[in-house]
Amino acid sequence: MKAFRLDELEAERAANDGAYLQFLRERNMSVGLYALDAGALDPQKPHRQDEVYFVVSGRASITVGSETTQVARGSVVYVPAGAEHKFHHISEDLRVMVVFAPAES
């Protein structure tokens, strides 16, 4: 078993001065914590993997392809491989758990 605490993951991510911390990598999936502060711009490009976002905290909008929705704590968003997507209008610091399948390369 592997178990994680979000507060420890957030501290590790912040200590490494990065917006993304991959904390689990297995053959068929990887999981990370993504952080964007209020007002930040999301620099993401499409990924080769399917991904699922689970919003841990914060508020923003996300656009996937031509569809836009607002997200907040508890929101879950699926992004198919190759789809253009961005978080925007980030009104509260955003912390998102990201699951890639297969594992992010």
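The model is predicted, so local features need pLDDT of at least 70 and side-chain atom pairs count only at pLDDT 80 or more, while totals for chains, interfaces and linings use all residues. Residues are numbered from 1 along each chain as its sequence is written, and side-chain values use heavy atoms, with hydrogens and water left out.

The structure holds seven salt bridges, a salt bridge being a side-chain nitrogen of Lys or Arg within 4 Å of a carboxyl oxygen of Asp or Glu. One of them joins the side chains of R5 and D7, with a distance of 2.8 Å from N to O. R5 has a relative accessibility of 49% and counts as partly exposed; D7, at 45%, is also partly exposed. In these terms, buried means under 20% relative accessible area, exposed means over 50%, and partly exposed lies in between (1.4 Å probe, protein chains only).

A second salt bridge connects R13 with E10, at 2.7 Å from N to O. These two residues lie three positions apart in helix α1 (residues 6-15), and therefore about one helical turn separates them. Helices (H or I, at least four residues) and strands (E, at least two) are DSSP runs, numbered from the N terminus. R13 is buried, with a relative accessible area of 10%, whereas E10 is partly exposed at 21%.

E10 also forms a salt bridge with R95, where the closest N and O atoms are 3.0 Å apart. This pair links distant parts of the chain, since E10 belongs to helix α1 and R95 to strand β6 (residues 85-101), 85 residues apart. R95 counts as buried, at 14% relative accessibility. Together with D37, the residues E10, R13 and R95 are linked in a network of salt bridges.

The surface also carries a nonpolar patch, formed by V52, F54, V76 and Y78, with about 370 Å² of accessible area together. The elements that give two or more residues to this patch are β3 (50-64) and β5 (76-79). Patches are made of residues with over 30% relative accessible area and no salt bridge; like charges are joined within 9 Å, and nonpolar side chains (Val, Leu, Ile, Met, Phe, Trp, Tyr) within 5 Å. Accessible areas come from the Shrake-Rupley method with a 1.4 Å probe, and for residues only the protein chains shown count as cover. V52 is found in strand β3, and its relative accessible area of 32% makes V52 partly exposed.
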